[in-house]
Amino acid sequence: MAANNKKKAKNDVFQQESLGRHLKKYWQLYVMMLIPVIYYVIFRYVPMVGNIIAFRRYRAGSSIFGDEWSGLKYFNQFIKDTNFWRAFRNTLALNIKYLVISFPITIIFAILLNEIKNVHYKKLVQTISYLPHFISMVIVAGMIRELVSTSGPINSLIVSMGGEPIQFISLPQWFTTIFVTSGIWQGLGWGTILYLAAMSGINPELYEAASLDGANRLKQIWHVTLPGILPTIMTLLILNIGSLCGSAAFEKVFLLYQPTTYETADIIATYVYRMGLGSGNYSYATAVGLFQGLINIVLLTAANIFSKKTTGSGLY
Amino acid sequence: MAKKVKDTPEASRMIVSPGYRAFTIFNDILIGIICIAMLYPFLYLIAQSFSSTEAIVAGKVGIVPVGFSVDTYKYVLSSGVFLPDYLNTLIYAVIGTVSALVLSSLLAYPLSKPELRCNKFIGPFIIFTMYFAGGMIPNYILMVSLGLKDTVAAFILPGVISTYYVILMRSFFESVPKELEEAGEIDGLSRFGAFIHVALPMSKPILATMTLFYLVQYWNDWFDAFLYLDTQSKWPVAYYLRNLISTSSSSAEDAGEALTIAANIKSCAMVLTAAPIICVYPFIQKYFVAGMMLGGVKG
C-alpha cells in the first residue's frame, strides 16, 4: 500500500513532499492495517482470481490458477445440463418465495413490536425473537427434522385428527414450506432491528400532531411510521433483491435436502458443492459459481438503479 | 417539521382513547402468542432431552418432559466423543474470537480515519469483496495448496475478518470524538497508543457486540470443519452434531427403539451445544442492538 501511494505520488510532484510527511505522521496506522490487508489479498483476492480456473483446466495438486486455457468449455457444458437449470430455478424460487413472504411479515412484526408500550415487555419480546438467529444452522436443521419427523408433534397432530403421517423431509412438495417457515422463524426477530432503529428516529411530535388531527392508531402507523421507515425498507429490499440468486440458504438446504427432494431443494450452491468437491469437477463447478456471482452483481446493480430512479436513494 | 405541541399532557390524554387501549391489549396478546410459538421448538427439544424413551415412543412428549430423567445427559456426557468435541469448540471459539477481534479492529480503526490517504483505495478494496468473491471451489483449492487441510488454521482463517463487521466497527470508531485522541497525543501518546488507550476503552459497546458475533460464528460453524478437518479428534461439536443428525435421520421411516434413543440423544446434544450462546446473548443485547443500529443507519 505504501508502494501504491509512492507510485501515485510520483505522478504528482507537488504532493511528494507532503506524502513523506503524511507517512511519517501516520506510519503506525499503516502498519496496523498491514496484516489485515495481506489477509484480504491472500484469502479474499487470491480465491477471487482463482475463479479463473472456470476458463482453465485444473489438476489437483498443480497451480491453483489452472494449467492451460480451455475457453468456455465448462460454460458450454453446464448450460446444457438440465440439473444446473433445475438448481438455478430452485435457487430463484426458494429465495423469491422466502422474500415475498418474509419481507412484509417482518415489517408488520416490527410495527407491532414498536406499538408495545411496556418497555420491559418489549425487551423480553425482542430477546425471545432474536434467539433463533443465534442458533447454529445444524441445530435449526436438527430441530426441523425432529418437528416434522413421523413421530414428531406435527405428525402427531395430523394423526390425532385422523390423518396419515406425512414424511415431510423426504417429499419434494414440502421442501419449500419447510424452508420458508423455518426461515421466518429464524429471521423474523433479527430482521426487525433496523426497522426499530428507524422507528426510534421518528420525531414523536409527528404522532402527537397526527393524533391532534384526529388520526387513530392505524392511521398514525400508515401516515407516520411507514413513511418514516421507507428508506430502510428500500435499502433492505435492494439488498434482498441483489441476493435473490445468492447462496445464503446453502447451509440450511445442505443440511435438509436429500436425493428424493433434489427436484425442489437443490440450489446452485449445493450443486456446486456436489459437482466440485463431491465429484472432483473443479473447473466445471467454479464456472457455475462464477456465473452465479455475476448474476448477483447484475441483480444488485439493477435493483440499485431502479431504487435511485424511483425513490432517489440507493446503496451507492 | 410539525409545530411543537406545547400542551403535551393534553395531547397524551387525547391519545389514550378506548380504541387505543383495546389495540394495545390485542397487540400485546398477539405478540405474546407469536413469542410462545417461537419458543416452542426449543421447549420441545428440552422436553425431549429430559424424557424417557417410552414416553417419546408413545408420542406423549409436548413441551413438558414425560418420565423425567437425566439419563440421556449422563449418557451423552460420558460418551467419550461429545465432551472432547465440545472442548475443541470452546478452544476454537476463544482462539478464533480473539484473533478476529484483534485483526478486525486493526483494520477498522485506520479505516475510520478520513485523513489517512490510502483509505481511498483500501475502503473500496475491502468492500468490493462483499459484492464479488472467490467461490467455494477456489477457496477450497487455496486452503489445500497452502497446506492448511486438516489444521485448525483452516477452521479459523476463513471467517477471521468479516467485512460487514469491519464496516460496523469503522462506523463506531468514527463516532469516537477526535479531540480526545488528539488530547492523548498531546500528552505523549503515539497514534497506536491513542488507539489502545483512548479509542478502544471508548468502544466497549462495539467490542462487546463483535465478541458476541464472532463467538457465535465460531461456535456454530460446522461447514469449515466438514471441508477441512479430516481427523475426528479435531472436530468441533457442531460438526459432531451434524453427523449425529444426518446419520440417524435417514432411517426416520423405521421408527423403532434405536431411533427414539437417537432422538433423545440428539435433543440432549443440541440443548447442550446451544446453551452457552443462549445464556450469553441476552446480556449483550443492548450493545448489539445499538451497534447494529449505528452500522445500519450509516450503511
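Predicted model: local features only at pLDDT ≥ 70, side-chain atom pairs only at ≥ 80, totals over all residues.
Local features need pLDDT of at least 70 and side-chain atom pairs count only at pLDDT 80 or more, while totals for chains, interfaces and linings use all residues. Residues are numbered from 1 along each chain as its sequence is written, and chains are lettered from A and ligands numbered from 1 in the order in which they are written.

**View 1. Chain A as a whole.** Chain A has 16 helices and two strands; helices (H or I, at least four residues) and strands (E, at least two) are DSSP runs, numbered from the N terminus. Chain A is more spread out than a compact globule, because its radius of gyration is 25 Å, well over the 20 Å that the globule rule gives for 316 residues. That radius is taken over C-alpha atoms, and the rule is 2.2 Å times the number of residues to the power 0.38. The C-alpha trace of chain A spans about 70 × 55 × 35 Å along its principal axes.

**View 2. Burial and contacts in chain A.** Of the 316 residues in chain A, 39% are buried. A residue is buried if 20 or more other C-beta atoms lie within 10 Å of its own, exposed if 12 or fewer, and partly exposed in between, with C-beta atoms placed from the backbone. Among contacts in chain A between residues at least 6 apart in sequence, 64% join residues at least 24 apart. Two residues are in contact if their C-beta atoms, placed from the backbone, lie within 7 Å.

**View 3. The contact of chain A with chain B.** Chain A brings 81 residues to the contact and chain B brings 83 residues. On the side of chain B that touches chain A, helix α15 (residues 257–298) of chain B gives the most, with 16 residues. That side of chain B holds 58 nonpolar, 17 polar and eight charged residues. Ala, Val, Leu, Ile, Met, Phe, Trp, Tyr, Cys and Pro count as nonpolar, Asp, Glu, Lys and Arg as charged, and the others, Gly among them, as polar.

**View 4. The two domains of chain B.** The domain assignment, automatic or from a database, gives domain 1 (20–69) and domain 2 (73–298) of chain B. Their C-alpha centres lie 30 Å apart. Seven residues of domain 1 of chain B are in contact with eight residues of domain 2 of chain B. On the domain 1 side, α2(B) gives the most, with four residues.

**View 5. B:Leu83.** B:Leu83 is found in helix α5 (residues 82–111) of chain B. B:Leu83 is partly exposed, because 14 other C-beta atoms lie within 10 Å. B:Leu83 and B:Pro236 are 153 residues apart in sequence, yet 10.0 Å apart in space, C-alpha to C-alpha.
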